[in-house]
Amino acid sequence: MNPEKDFAPLTPNIVRALNDKLYEKRKVAALEIEKLVREFVAQNNTVQIKHVIQTLSQEFALSQHPHSRKGGLIGLAACSIALGKDSGLYLKELIEPVLTCFNDADSRLRYYACEALYNIVKVARGAVLPHFNVLFDGLSKLAADPDPNVKSGSELLDRLLKDIVTESNKFDLVGFIPLLRERIYSNNQYARQFIISWILVLESVPDINLLDYLPEILDGLFQILGDNGKEIRKMCEVVLGEFLKEIKKNPSSVKFAEMANILVIHCQTTDDLIQLTAMCWMREFIQLAGRAMLPYSSGILTAVLPCLAYDDRKKSIKEVANVCNQSLMKLVTPEDDEPEEPKPVVQRQADPNPDDSLAKQEGTGSGGPDVSCDSSFSSGISVFSPASTERAPVTLHLDGIVQVLNCHLSDMAIGMMTRIAVLKWLYHLYIKTPRKMFRHTDSLFPILLQTLSDESDEVILKDLEVLAEIASSPAGQTEDPGPLDGPDLQASYSKLQVSTPGRAGLLTTPSTKGLECSPSTPTMNSYLQAPSPPGSCGPLAWPTSGLKLDDSVSLELPGTWTVNAFLGLNLQFDSCSRGHVSPPPSPQIICFSLWFISRSQQPMLAISEAELRGTSRARQSLVSPGPPPGVLCP
């Protein structure tokens, strides 16, 4: 610094002391500056006040010499003290050079900058709020400072600033949110702790409604929840808990749609705490928002379904996921099967035919999000269009839901409970929305047949329920199918009606596990037995003794229906007695095949036995009209 330069109104003694390396001498100079500025304030000499502040800023605080910078910082603090309540008129000139020193390489200088800013803010109080963003930005950097003294000084300044914000009702939350959204993604644990502490303070202020801006910071909060520090994780849990309480109190003001995708993402994380917390939020969202969450069903199912197969190590997550799944399923109602565009009343009255209604429905596309069929569902996160902010009716789009269900059912590595949940969803959708689901039957049917080879009996039985509902659904049937191939075939068609004893009679073979556990449903409790055609061996049943036939068996249905099953099994019977099957094919497979044929009203249907059973012995099952050669007793 040039000693001959004129720094008036600062005297040469003040200038010399400000440049001294000793703190005590710089402090004496600061007292002289305070006295000088008070005189200018008394004289209302704003020009001289601005000149003093500018000199201290440009010639000292921003000087290249470290001692001069220290002198400039203490001089600016002295000016603020002298100005008192009038310091608000000069805050920009006072604050900016101090904040610049926050980035200084010298830790002592950063500490002095923090001390100077503390004195400036303490005097100005609420007047600093228009400059809150720059102060917050500087403090967030000091919170992660490696020097403990600097960090300690920043904490004092931080507490002072929080007190000011809490006391004031002029805090600009709208202007602060962009900065908060940016800083919340910091990876430094001290910066994260600083951010969380501020969110807690803002949430506690009655005049500040941070809930309106929760979608802006929710993702960052879940990121912080995964911090390695226990204290930070605990603080973040408290913040999220407070927000959730507020959501429950005021659900009408919550932007559920803007946060649904965020929860979907974090419900699929590998961190147990994040996943459990996100799943709890999802549970509350589904219960509070109701049908407003239906547009996000495919994403929610992508996140929830895999959790249903968790073991006891993640029991809490599994239980919450199950509640989410059940709650979401209850949102689907028969009204969702209605056409998306309402038809005129006159047209409905003149056109009662359900097939015509279905045709019109198929004409209106039900668009949905694309969901990847990759076996790793956590990496295939879909983003969905948010629900309309208007109070318009919520439309259920099945495309995305069916894709997710199909993907999970196709993944053989997925857990049994997840596959059962998928089948329950399909059954529920076919019950509640048969017309819309009918469009997806072609894509679902192959995987449903393949699922019959599942190793779990529970999965097979639930799969049979779904297939039964598909076959019996009125959505794909006409009111009058007409003659199949002449009047004889039409007259010979009849449903398979079987009582429970008849079903038990089918299971007199050594393997009786499958069908005994079969649930009794409206579409599956009477499909196993029909009146015996003339010349047959009685009701449909497996033969029990007799001669050996290599690997084929035929069962005749009423009229001219015949099932020829080439199962690769060892069958024994003679021309007048029943044969013995060891081991028998799955009763579910044969019974469902017969039942499905009777309900489908098709003269011919070919189903691969490998699809039905999935065993290496199986070759094929062929259903065709005509008498079976040499199998039924005369």
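Helices are DSSP runs of H or I, at least four residues long, numbered from the N terminus. The model described here is predicted.

Arg38, at 42%, is partly exposed.

A search of the whole structure gives 21 salt bridges. One of them joins Glu284 to Lys248, where the closest N and O atoms are 3.8 Å apart. Glu284 lies in helix H14 (residues 272–289) and Lys248 in helix H12 (residues 230–249), so the bridge ties together parts that are 36 residues apart in sequence. Glu284 is buried, with a relative accessible area of 10%. Lys248 counts as partly exposed, at 45% relative accessibility. Salt bridges with shared partners also build a network, which joins Asp137, Lys141, Glu182 and Arg183.

Helix packing was examined for H7 and H8. Two packed helices are described by the angle between their axes and the distance between the axes. Helix H7 spans residues 132–142 and helix H8 spans residues 148–167. Their axes come within 9 Å. The axes cross at roughly 150°. H7 is therefore roughly antiparallel to H8, since angles over 145 degrees fall in that class. The crossing of the two helices is left-handed.

The contact between these helices can be listed by residue. From H7, Phe132, Leu135, Leu139 and Leu142 take part. They meet Val150, Lys151, Ser154, Leu157, Asp158, Leu161 and Val165 of H8. By class, the contact has 8 nonpolar residues, 1 polar residue and 2 charged residues.

Backbone geometry was examined next. The peptide bond from Ala8 to Pro9 is cis. Its omega is near 10°. Pro9 sits in the segment before helix H1 (12–18).

Positive phi values occur at Asn44 and at Arg125. Asn44 is a residue other than glycine, and its phi is near 55°. Asn44 belongs to the loop between helix H2 (23–42) and helix H3 (46–61). With 63% relative accessibility, Asn44 counts as exposed, because that class begins over 50%.

Arg125 is likewise not a glycine, and its phi is about 55°. Arg125 is placed in the loop between helix H6 (107–124) and H7. Its relative accessibility is 29%, so Arg125 counts as partly exposed.

Technical notes
Residues numbered from 1 in each chain as written. Predicted model: local features only at pLDDT ≥ 70, side-chain atom pairs only at ≥ 80, totals over all residues. Heavy atoms only, no water. Axes fitted to C-alpha atoms, helices over the stretch in contact; angles between N-to-C directions. Parallel < 35°, antiparallel > 145°, perpendicular 65-115°, else oblique. Left-handed = near helix turned anticlockwise from the far one by under 90°. Contact = heavy atoms within 4.5 Å. Nonpolar A, V, L, I, M, F, W, Y, C, P; charged D, E, K, R; others polar. Buried < 20%, exposed > 50% of the residue type's maximum accessible area, 1.4 Å probe, protein only. Salt bridge = Lys/Arg side-chain N within 4 Å of Asp/Glu carboxyl O.
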